[in-house]
Amino acid sequence: MSSLTPMMIAVAPNGARTQKTDHQALPITPAELAETAVQCRDAGACMIHLHVRDAQGGHSLDVGAYRLATTAVRDAVGQEMIIQVTTEAVGIYNVDQQIQTVKQLKPEAVSLAIRELCADSGDEVKGANFFSWLQRERISPQYILYSLEDVLRFNSLRQRGIIPGDRVSVLYVLGRYSDTGTSSPEELMPMFQATDAGVVWSVCGFGAAEGACMLLAADLGGHARVGFENNMQLANGKLALDNSALVAQLASGIGGLQRRIASGSEARVFLGL
């Protein structure tokens, strides 16, 4: 096996807000998500981050819709990809609804925004109970952090035992609240420098600079999430043909940084699955 360090590449193919009017290759149905998963697996992704939609195309945390989507994806890619679902609120769902979705679904992996599920001290007991339940059920959480302030709060929650585990996974979201709505690699450094030991960290970004942000993450030893949820542009500014083009762009660029793409089995080891 190559001596290069494995890098996990996740794909977020649709998100909560984008529509086919934004890009005709945006996958929404279970069959479309399954086809996208195969394409992105072949391009180098070891994880797919799923959103599902209601009948009108709006964001949903419906357990039945999630089961249909995850079954379709699992049938298509087997165990070669981790399937991660979102709990994103999008101004629709409260904390109890987010938690109940996960408890009913019992997914392999789930993303959790700290500022939604544990926004202040009043949420900490409920959050601690939920995070401990995830650990007991061997469901892999990825904690979503949007700013340096989120990183510092996450560190505090972890130090106080509210977030359990010696090894935890986080996603640094670059540019979500920037004036331009796009990301820059420089945004990563304060978050990276505040990262405590035992954190498996990944990055996602907005706009054509997504690729540069991912390469910096690769150089610093992190991992990456790309896809139409946040960005549809290649590094040259052109519209990507589909999600797999963004995965392939990153996969082809990391070899010079002494990294190689991680397999699904390697990713499960990283995440304790």
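Colleague: Which way do E6 and strand E7 pair, and over how many bridges?
Modeller: E6 and E7 (residues 109–113) pair in the parallel sense, over three bridges. Pairing takes at least two DSSP bridges. Strands (E, at least two residues) and helices (H or I, at least four) are DSSP runs, numbered from the N terminus.

Colleague: What stands opposite Thr-86 in E7?
Modeller: Ser-111. This is a predicted model, with residues numbered from 1 along each chain as its sequence is written. Local features need pLDDT of at least 70, side-chain atom pairs 80 or more, totals for chains, interfaces and linings use all residues, and side-chain values use heavy atoms, without hydrogens or water.

Colleague: How many bridges join E3 to E6?
Modeller: Four, and strand E3 (residues 47–50) runs parallel to E6. Met-47 has Ile-82 in E6 as its bridge partner.

Colleague: New topic. Is E6 mostly covered or mostly open?
Modeller: Mostly covered. Strand E6 spans residues 82–86, and five of its five residues are buried. Buried is under 20% relative accessible area, exposed over 50%, partly exposed in between (1.4 Å probe, protein chains only).

Colleague: Which residues sit on each side of E6?
Modeller: Ile-82, Gln-84 and Thr-86 are on one side. Ile-83 and Val-85 are on the other. Both faces of E6 are covered.
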